[in-house]
Amino acid sequence: MKLMIVYATTEGHTRTIAEFLEKEAEKKEITAGLFDATVKPPSPEEYDAVIVAASIHAGKYQSAIEHFVQEHHQSLNRMKSLFVSVSLTAAADEPESWKELKQQTEDFLLSTGWNPAHVEYTAGALLYTKYDYLKRFIMRMISKKAGGDTDTSKDHVYTDWEKLKSVLGRVI
Ligand SMILES: Cc1cc2nc3c(=O)[nH]c(=O)nc-3n(C[C@H](O)[C@H](O)[C@H](O)COP(=O)(O)O)c2cc1C
């Protein structure tokens, strides 16, 4: 069994998630190939199952992942495939934000023609220490409004690693 994991990231947290999934797969003696969507990944045809992971920024997933999925949607639709959607919306229980996130994801899947077996909504991270001044300021403001973390001297990770582990079972 060969598993392909393709990810797109802006600040790096989705790469951490993809690496975690790779390690968990290897613990189960699954050969996993990890690919950054911006570095021309191989065709999924060479694999038995695929996990695609990307994060939301201003309502959109990274264009590199959109290109990858669009190019390979027919192969992806023929095999076991799973989408890991990373966002801050998934860290909170805000029905309006969830509605938007689900719509944004539906739009992404519709525009790429991909029909994954499952979409796993995963809470991402507030990486204050990695943002530039403006991004830190804006993210702190958004977080404050949502009642979230505002201590910019450290990063805040909301990912539920145990839940992520269990999604592997959907493709392997
Ligand atoms: C500039 C910026 C815009 C963001 N926009 C959204 C958004 O529209 N919806 C959302 O749920 N999360 C949003 N987020 C949260 C990210 O999805 C979250 O921080 C995620 O962990 C980023 O993953 P990455 O490090 O792989 O890029 C945004 C984060 C940043 C820094």
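**Ground rules.** I am working from a predicted model, where local features need pLDDT of at least 70 and side-chain atom pairs count only at pLDDT 80 or more, while totals for chains, interfaces and linings use all residues. My numbering starts from 1 along each chain as its sequence is written.

I began with strand 3 (49-57). Is it enclosed or open? Eight of its nine residues are buried, so strand 3 is largely enclosed by the rest of the structure. For me, buried means 20 or more other C-beta atoms within 10 Å of a residue's own, exposed means 12 or fewer, and partly exposed is in between, with C-beta atoms placed from the backbone.

I then listed the pairings, where two strands pair if DSSP finds at least two bridges between them. Strand 1 (residues 2-7) runs parallel to strand 3 over five bridges, and Ile-5 stands opposite Ile-51 there. Strand 5 is also parallel to strand 3, joined by seven bridges; Ser-55 has Val-86 as its bridge partner. Strand 4 (residues 60-61) is antiparallel to strand 3, with two bridges, and Ile-56 is partnered by Tyr-61. In the hairpin of strands 3 and 4, two residues sit between the strands, and Ala-58 takes a positive phi near 50°.

**Ala-53.** I picked this residue from strand 3. Ala-53 counts as buried because it has 25 C-beta neighbours inside 10 Å. Beyond its neighbours within four places in sequence, I found Ala-53 in contact with Tyr-7, Thr-14, Ile-17, Ala-18, Val-84 and Val-86 (contact means C-beta atoms, placed from the backbone, within 7 Å).

**Strand 5 to strand 6.** Strand 6 (residues 118-123) runs parallel to strand 5, and six bridges join them. I noted Ala-123 as the bridge partner of Ser-87.

**Around the ligand.** Which residues come nearest to the ligand? Of the 20 around it, they are Glu-11, Thr-14, Ser-55, Ser-87 and Gly-124; a residue is near if its C-beta atom, placed from the backbone, lies within 6 Å. Helix 1 (13-27), strand 3, strand 5 (80-87) and helix 4 (133-145) each supply at least two shell residues, and strand 3 gives the most, with three.

**Helix 4.** Buried or in the open? The number of buried residues among its 13 is zero, so helix 4 lies largely in the open. I also checked its length: at 1.5 Å a residue, helix 4 should span 18 Å, and its end C-alpha atoms are 18 Å apart, which agrees. The expected span is 1.5 Å times one less than the number of residues. Just after helix 4, Gly-147 takes a positive phi of about 75°.

**Gln-70.** My last stop lies in helix 2 (residues 63-78). Gln-70 counts as partly exposed because it has 14 C-beta neighbours inside 10 Å. Leaving aside neighbours within four places in sequence, Gln-70 is in contact with Thr-112 and Gly-113.

Notes: Helix = DSSP H or I, 4+ residues; strand = E, 2+ residues; numbered from the N terminus. Contact = placed C-beta atoms within 7 Å.
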